[in-house]
Structures are given as C-alpha cells and as structure tokens.
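Please look at the sequence and the model below before reading on.

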Amino acid sequence: MIILSLFLNKISVDQFMKYPHSEVEAKWQKFWEENKIFNTDLTDIEKKLYCLVMFIYPSGSKLHCGHWYNYGPTDSWARFKKLQGFNVFEPMGYDAFGLPAENYAIKTGVHPQDSTFENIKDIRNQLKAMGCMYDWNAELMTCVPEYYKWNQWLFLQLYKKGLAYRKNAPVNWCPSCQTVLANEQVENDGTCERCGTPVEQKNLTQWFFKITEYAEELLDGIEKIDWPEKTKSMQRNWIGKSIGAEIIFTIDGFDETLTVFTTRPDTIFGATYMVISPEHPLVEKITTDEYRTAVNIYRNEVKNKTEIDRTSTAKEKTGEFTGAYAFNPATKKLIPIWIADYVLMTYGTGAIMAVPGQDERDWEFAEKFGLPIVRTVQPPDDFEGKAYVGDGEAINSDFLNGLNISEAKEKIINWLEENNIGESKINYRIRDWLISRQRYWGTPIPVVYCEKCGEVPVPEDQLPVELPYDVDFKPDGGSPLARNESFVNTVCPKCGSDAQRDVDTMDTFVDSSWYYLRYLNPKFDKAIFDKDLAEKWTPVDMYVGGAEHATMHLLYARFIHKFLRDINLVNSDEPFNKLIHQGTITNKGAKMSKSRGNVVNPDKFIEDYGSDVFRMYLMFMGPYELGGDWSDKGIVGVDRFVQRSYSLIKNFDNIKNITESVERLPLDKLTDIEASIYKKVNISLVKFTREVENFRFNTAVAVLMELLNELTKNIDDVSDEVKLYSLERFVYMIASLAPHLGEECWSIIGNVNSIYKSEFKFEVDPEALVVDNVTIGVQVNGKMRGTIEIPLDSDESVVKEAAWNEEKVKNHTSGKTVVKEIYVKNKIYNIVVK
RNA sequence: GCCGAAGUGGCGGAAUUGGUAGACGCGCUAGACUCAAAAUCUAGUCUAGGCAACUAGGUGCCGGUUCGAGUCCGGCCUUCGGUACCA
C-alpha cells in the first residue's frame, strides 16, 4: 500500500512537476564554481577567444535590465563558442572609481571606499546568480592600489614621451560635479555628460594626454576594425580631419600677424573681411579707441553666455568691428577685422578670412553688417542660393581664374609657400584629453611640485601614490585631497626639499582604457600587465557594450593601446577587433532611470521564472542591436518553452544508457519520419549557428521553438538512436541560451560531466541538408495561383506541365493569350497572359 | 540644418542574391480534460466579402523599374539615435 502510493506519487510528480528553476540554477552555479568549469587556461591559445563586455560600475542601484541585456546575450554567444570548442576567456570586473560614490558620500557620510566595496559584494552575488561563464580568477576592480598604481605608471610613461603635459587652458567646468571635464564628456547642448548641468568655461592649469598626436592613426585605424559603421563614423567626425592651408595676414599698423586656417585657400580673392574670436589674444591690442567700448561690451556678453545660450538663440549672427584692418595678400586690399562668436577660439587658429561668396555663414554675416561680397567661383546658371559652395571655375581671382577648386587650391598654396605667407595644413577637431579631476575618488596624479625643481614626476619605484582614506570631501570647488596635509606635503624626489603633491585625481576613463589587458592576470605585480599573455590574447575578439561610449571610452582605449604598442607592451594596433552595441531597453518610451521612476527590477522575474527564462526572453524580444521598449507580456511564452523542453527531456531520462551517441546516422536506413526529424535537427543546427554567431538571438530562440514543436510531435515514433541523436543536439543548442537548463537536461539524458567539458562536438551532417523536393510557386501575371511540389532541379518542361495542370492556373488563363512564361529554377513559375 | 537607423497583423517581431509576406512567440476564439476554474493539450487567427471552394486588397505615403518589389530607383511623411556655426 505504501509502496503503491509512493509509486503513484512519483509518477504524478514526474508528469506534472514544473521545472524547478531555483534549485536547478543554484545547483549548477555551485557545480560550475566548485569544479572551476569556467576558469580559462590562458596558456592554451590554439583556439583562443577573448569575449569581453564593458565592465560594471558598482553603484548602489545594482544590476538592472540594461546590465542583463548587455551581459546575458553576450554570455550566450560566448557559451556557444565554448561549446564549439573555443578556449573562451570571459572576464568581469568593476569600474570602481568615480563620482557617484563620492556624491553618495557627501550626501550620507558613507566613505566611497566602504560603499563601493559593499556594492561590489552585492553585485558580485547578483552577477553569479545570472549564471554567466565569467572566469572569477580574473576579477578585478580599479579602486585598489594594485590596479591604480599602474594608471600612475602609465601616466609616467606618457609623461616621459611628452604625451602627458600640463597647461593653462580654457576648460569645461561642471559646477554640479565640481570638476573639470574632457571635451568628450560635454554633451552637444553644453551640459555635463553625467549630471546634465550646463558646463561653464574656466581657465585652469590641468593635465592633458596628447591624444592629438595619434589623431591621424586613430583615423586610419578605423578602416581596419570590424565595428558598427555608425560608431566608426562618429569617431571620424570627432577626430574631424580637414585639409587646407594656413595663411598669414599682416595687420595694418601692427607688427603682429593674424594666421587663419581655411579649407578653401582658393577663395582668398573673395576674402573681404576677417573675423577673430572674441577671446582671441590680439583683440585687446588691435581694437581702436573708437570701437573699444562696443567691443568690450560684446566680449562680456559672449563670456557670460553658456553653451546653451549660444546654441539656442536663433543663430542670428552677431559681432563687432574692431576698427583694425588686415592686408589681403592676394587682392592687396585692406579688409576690416571683426570679432564674432561664430568663430571659436578652440578650433583652428581662432581667426578666419571671411569669404561670403563661398561660405554660408560669412554670407549671412556680411549681409547683416553690410560687408562686401565677391564671388570667386562661378555658380551654375540655374543657381539661386546665396553663398555658392560647389565646384566651378574661379572668377575675380587674377591668376586663378578659370581653374576648378582643386586646381586653384594647388596653385594658390604654391604661391603662398613661395611668398612665405602660408602653407598647406591639416587641422583636426579632436583636442587633447584633459584628465585632471578635482575630486577624491580616483587615481592620484603622480606628480609633486617643488619650489626648486618645479614639476617632478614621482619615480616609478615610489609608486603607488596611495589615495588616503581620511579625507574631507565636501564640495567646495577645490580638490578634497588638498585638505589632507599628510598627503599634500612630501619631499621632492629630486632634491629632497619640501614639496607638494598634485591634489587632483585622474579621469576614470584612464582606468578603463587598458583594463582588458589587466584581466589576463590582475594579480601581476611586476608590470602593468603580463606582456606575454597580452600579446597572445589581445586584441579582444568580441567586445560588447553601449553605443554611448563611441567617442569616449572607445576612443581613449584605442589611443592608449596604440601608445602601449609604441612602448613595446602589446603587438597589435587596435584593442577591440569586433565591436557590437546592445540596444537600449526603454520603458514607456523613455530610458530607464531612477529619476523617471520607470526602472524595471529584474529580481522579481528571476524569482518567478529563473535567470534562464529572463535572459532568453530578453534575447527573444527583438534584434539585439535595436533594443526596444520593455514589456513582460511575452515572458510566459519563453517560460512555456522551458517547461516543455524540460518535460520532453524528462521523458527520456538516461536514454544514454540504452543507446549510444553517434556522429551521424545513415539516412537511407531511416524511416520517413526518422529521416524528417533527422533532417530537421540538422537544419536547425545550421540555422541556429548562423543566428547566434551574428548576435541574432531572437531568431535563434525561434529555431529552437520550432525544433521543439517538431520533436514533441514526432519523437515517440522514432528509434532510440534517433531520439538520442535529436535530444543531444537540442540540449546542446539550449545550453548556450539557457545554460542551467542545458546542464540539467544534459545530465538527465545520462551524461555525468558538464556539457561544457564534453569532448563530443556536434557537427552537421551535410547529407541531411540535401533536399530532394522543392515547393515552387505558380504565378499568373505575378500573382500567386498555387504551389506545386516537384523534385529539386526539375526541368522546365516538367514544371510547366504541373503548373498548367493547376486548377487555378486554368481559371486565370482561360480565354487569354499567353505572352511568355518565366521559370526560375526551384523558386517560381510565372505565366504572363494578356 | 547635416549624418545614420527604422516604419510589416491587435502586440513583440520573421522573411540569403527581387521570387509562396506575416516564421517564432504573445494575445484572442473554439474544442478536449475538469463539478468548476487554473494549468495543459488540439485547432483556428492579415483585412473585406462568402456556408464554402474562392475572390479582391494588403509591408508609412506618392510615383517608377520589372514577368514579379517589404526588398531596387526617384520624391515625400513620421519616429528614434548621433551631431551641430569646425572655417
């Protein structure tokens, strides 16, 4: 009686038990960790594959949907590669320095280091619960001396080569973050990339990395990397190369000269006035008394305008005459010098020769202030606009007349060079990377200032310059480190007399510009990273992260990588061979953010459905690179798929004990239904592989669902051999998208080892892909009128007969004249009638 | 303004090189199981007309190329990214 009820109980449990996701996921996570399944042997480089996601910022808000959307699918790609036999290295770490931790400290009094370590602890657990195949041996964080010491070392190497330097320059100041920002970190509307506050301009002495030295190479390198076209073009625009000339203009009555940069030196005969930036150093000197008051008022107005004011105003040109005149070396005429804010001090030379005839802005300005306009390129007869910027014959240009733009450019540049008043010149929009930050929670800049010796870099053997724990970080615009006397006061490494440390810290983008090299051995203490491993494992094969880093992190990392190559530490030109951006998951049309209150918390879904279902649902939602608006509507569909997969496998537990795994089955010995399943499995393998390899996870999931439908329908009618053959391959594919379920199923069918340690590789049987019958469409006048099933590669005559036998074809052609018939082999048969 | 991507059922989305539009899933409808419900299973589901076979229309809009267009070309509209006086 007891036995019977137990027996019944077991049956009912087996039949109706839902997939116990919590237990299964916990079980396999433990198994993977204890058996070190995902610790990569970095010495084995034969089939090495470095798969990297942008590391995580350990803020208090923990893992959100965006992280899952970034990490889950990428991990699935990596897992599939692992199953294919690649030696995959997939690390994870923490981008742990940065403003939010410090702002949190100001608000709550919790020290950034304490809150960061606390967050990392939580996030690490969350990451582990995701069940990604991260190699936890490689885990790193940037906020510990073992890491940031090498930021300082990197700084010193750049300094040695003259690529880290200090200068006084107008810089972007964020009054809310209380620090300066790099140009890349200012949004196009002049607000702070991090907090959205309008950025102000300040003159400060700051440290810069000379990224401009690599401008040309950064531009060229874009051609060699497999990155999204969009991202590459953003970098091209950011670097902003333009080819032209510099021309020197003498100023009437002064020894000083004005140098301008122009991409159109050929239009110099049309330069009827000049404009210099209001901030230009010569303004003071050349302005005549008559105009001084107006000029000063204008300069003050401009100074007080924020970027927002400057761009939001209706773009009407403004400016003032300085009273001074320059000498146009081509026309030999005196032309007035104006100041206007449409000329930027930060681009080119801060001065232009204005050629209204060929430049829309100059035309607008000239029209407004009644300045002369001379065309120097003949517009076409039907041209109706104002300034003409297209190609044409030079006119009003003396010895250039009759030449087209490029000929005229060449000739005028020769003329300028012969007369020593100019030369050809390439200009870049990109500016040096400002790395000083007036904040606490970052890498101290390893420089001391000595009264006798001046600026002295800290010697390498004295690194790291440790970030002190005891610091008063109230936001008053000064660097918090400045208030820590025991940090500031030191001795000069050169002469031993009293000296002060630099109190700024580095931009955290320095940390992230080489972290992918450190992952290979984060405990390495002899150098910044293990050069031997770096040369073997970089460039990174697959890099996945947000598109918002296009002109920040992704540009800085390319720069630093090239520098590391130049000091012989890596042997490749680019850090990231292939780059993919995940799309953004929005909620109700807006980006998820705490302030909008539309953040979707993944935890509830993990609890209800498990991490496999949640990850697979994110993948199934749509194209990975597009992202989309969040909705949990369809998640039950993925859950059903998991349940159905599980119960299918459950029906065949330990099937491996009955029959053996084989690489192939002989098609001609299979029954019709076996053959059809066998073919379906192989076709699915081919499709699935293609989809996953290209990050098209939504269709990869669809392939598996289709296969599951087929298997549930027909698997009872095939031999054990075919059953095992099909189920093994089904599980193999599932394992990359739903790793825990995959392992569980793998073990249910009778395997003892992890599927990720399986030596068995599931190759496609090409025989199974051969189709013998095709269904072709029959059309009349291009409209579908039926389909016919015929053997592959049938002759036209066979198809023709079958087509004309179709009832509908007869109906639609009767009483009409056949004009022609078109046969596209194995695809379509079209009859054209009149 | 300029550059880029996108626009397909009630919804998320599929559709190598132009060749059966709507795979897969959600939702919905009907049926089976159940005292009943949920879950599950089976069938159906682009729209309009028809009991049906079928007919007509249909991939943002207008036009074109073609035997044939979601896919190619020209002109627009909308949405989302990026960028903005860069001389």
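With which residue does Glu 455 form a salt bridge? The partner is Arg 166, and the closest N and O atoms of the two are 3.3 Å apart, where a salt bridge is a side-chain nitrogen of Lys or Arg within 4 Å of a carboxyl oxygen of Asp or Glu. The pair links distant parts of the chain, since Glu 455 lies in strand E18 (residues 454-457) and Arg 166 in strand E5 (residues 164-174), 289 residues apart; helices (H or I, at least four residues) and strands (E, at least two) are DSSP runs numbered from the N terminus.

This is a predicted model, in which local features need pLDDT of at least 70 and side-chain atom pairs count only at pLDDT 80 or more, while totals for chains, interfaces and linings use all residues. Residues are numbered from 1 along each chain as its sequence is written, chains are lettered from A and ligands numbered from 1 in the order in which they are written, and side-chain values use heavy atoms, with hydrogens and water left out.

By the rule above, the count comes to 47 salt bridges. One of them joins Glu 229 and Lys 232 (3.9 Å, N to O), which both lie in helix H8 (residues 229-239), three residues apart, about one turn of the helix. Lys 232 counts as buried because its relative accessibility is 9%, buried meaning under 20% relative accessible area, exposed over 50% and partly exposed in between (1.4 Å probe, protein chains only).

Of the atoms of RNA strand B within 4 Å of the protein, 63% belong to sugar or phosphate and the rest to bases. The table gives polar contacts, which are pairs of N or O atoms within 3.5 Å.

| Side chain | Atom of RNA strand B | Distance |
|---|---|---|
| Glu 706 | sugar or linking oxygen | 3.2 Å |
| Gln 779 | base nitrogen | 3.1 Å |
| Asn 830 | base oxygen | 2.5 Å |

Technical notes: A residue is near a molecule or strand if one of its heavy atoms lies within 4 Å of it. A polar contact is a pair of N or O atoms within 3.5 Å; within protein, one must be able to donate a hydrogen and the other to accept it, and residues adjacent in sequence count only if both atoms are side-chain atoms.
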